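Please look over the sequence and the model shown here before reading the briefing that follows.

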Amino acid sequence: MLDLRRIRSQPDAVRAGLARRGADLAGLDQILELDGDLRAVTTERDDLRAKVNTVSKQVGELFKAGQRDEAEVLKGESKALGDREKALSTTADELDAQIRESLLRIPNLPSPDAPDGLHEDDNVVLRTHGPDPSSFSDHQRVPHWDIGTELGIIDSERAVKISGSMFTMYRGWGARLLRAMIGHSLDASADPALGAVWEEIRPPTLVKTETMVGTGHLPKFEEEAYHVERDDLWTIPTAEVPLTSMAADEVLDHDDLPMRFTAYTSCFRREAGAAGRDTRGLLRSHEFDKVELMAYADGEEMAIALQEEVLARSERILQEFGLSYRILDLCAGDLGGSAARTWDIEAYAPGVGEWLEVSSVSWFADYQARRANVRWKQAGEKGTNICHTVNGSAMGWPRTVAAVLETHRQPDGSVAIPEVLQPRLGCATHIPAP
RNA sequence: GGAGGGAUGCCAGAGCGGACGAAUGGAACGGUCUUGAAAACCGUCGAGCCCCUCGCGGGUUCCGUGGGUUCGAAUCCCACUCCCUCCGCCA
């Protein structure tokens, strides 16, 4: 969430930032008004409390001195003050809750570096890597759902039988290929030869409500997540959720920053309202595999360097897989609610004939960390500071698998396995044609 | 799921209605001593919010969480959460 003091001291700048992403500004005005009320009430309440505290102290002293009558008089006085204080206190609590509730629904301010624009079409292509989409041959122009069926490596029919529409199932070479890709990504992050080591985490995939609030997935996107009502737990839509909340309510030592984590998990999304859109094959499903990179930073400079580091790692993987991809700089209006700046990576899938979003690399400034209350402290210095958070996928696997299957399909119907993955697959070079 | 024990500052740990934001010890930081270090000694040593005549300033809140009793709660009462031990069940 945004810093209330910033909203208070620079309301126009905040308004302008939110307007860039086309956000509703009514909540902001409401907050400003409630905040004014709250501060008036709080000041008065604190004054009364101060009086109650002094009077109570006097009561004690008078009793000790044996001056019972005087003590009784003061006691009555203090009670009256206390009653007023209680009423004000209730009002203050209510105002505070209202403000927080509104604050949670206000999206982050876009980075000034994020391009202008309100729609997807306004996103800027930063660069494209690999062969041009027009250069692929006919044998690569087969959608992965057909390849999957042909090779017996994707069995959507049975997944649907077991779990319903928009679930997928990998079999045989498909399942092994997926596992090899995941392993490759995790191991690359653990390899010191490739730069800073990202600590591998295997987090829970069922989390508490407050954990979902921390990253900004609740309350706004309640419809998107599966909720296990009996135990009041939510299935995570991304490992970003548990990773970002790992340090919730903690004060990190500045010397430990940046802290880098990676996690492989299943991700669950209800995809409410997306029925029928891009749902064929591996394009969109309720449960999918993803490896996430997530880092805590001490501020903007460190955070942006980490965002670039995540992007480089994700790109590297796509390069190793021999895929064509492009990097999009999301315009202010297309940014997710918690993000300040996002780079999407889209891999080209020749069979589907589309660029598929396989990764999203975002810098959240202190928006998530303020929600989750993640702070850092420099030993010996006074006070604490809110962290910055960064995360990105490396990768969202189903679409990456799709792009790999289509890109590496051979004229004989087999699929060439990228070299980096071969050692993980018994040194096989191809998924054999049927 | 059942029975018992517990939750206090960075850590350990006292306090069980007023003098407690909290003893004591350790850690950390600054200093004295020393060629340097250790030891010893002295000092500092939590966070949030609000106000202002912005000063090494004032007020307030926080002893697991939420309620209650009281003039006054870390201390009493209630509920909940989490942790530990034992039993049951289970991959």
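How many helices and strands does the secondary structure of chain A come to? Chain A comes to 12 helices and 16 strands, where helices (H or I, at least four residues) and strands (E, at least two) are DSSP runs numbered from the N terminus. This is a predicted model, in which local features need pLDDT of at least 70 and side-chain atom pairs count only at pLDDT 80 or more, while totals for chains, interfaces and linings use all residues. Residues are numbered from 1 along each chain as its sequence is written, and chains are lettered from A and ligands numbered from 1 in the order in which they are written.

**Chain A overall**
- Taken along the principal axes, the C-alpha atoms of chain A fill a box of roughly 105 × 45 × 40 Å.
- Of the 434 residues of chain A, 39% count as buried, that is, with 20 or more other C-beta atoms, placed from the backbone, within 10 Å of their own.

**Surroundings of RNA strand B**
- RNA strand B is surrounded by 23 residues, the closest being Ala 50, Ser 56, Val 59, Gly 60 and Ser 78; a residue is near the strand if its C-beta atom, placed from the backbone, lies within 6 Å of it.
- Helix H3 (26-64) and helix H4 (68-105) each supply at least two residues of this surface, and H3 gives the most, with 13 residues.

**Val 310**
- Val 310 has its place in helix H10 (residues 300-320) and counts as buried because it has 26 C-beta neighbours inside 10 Å.
- The C-alpha atoms of Val 310 and Pro 398 are separated by 20 Å, the two residues being 88 residues apart along the chain.

Methods
Buried ≥ 20, exposed ≤ 12 C-beta atoms within 10 Å, placed from the backbone.
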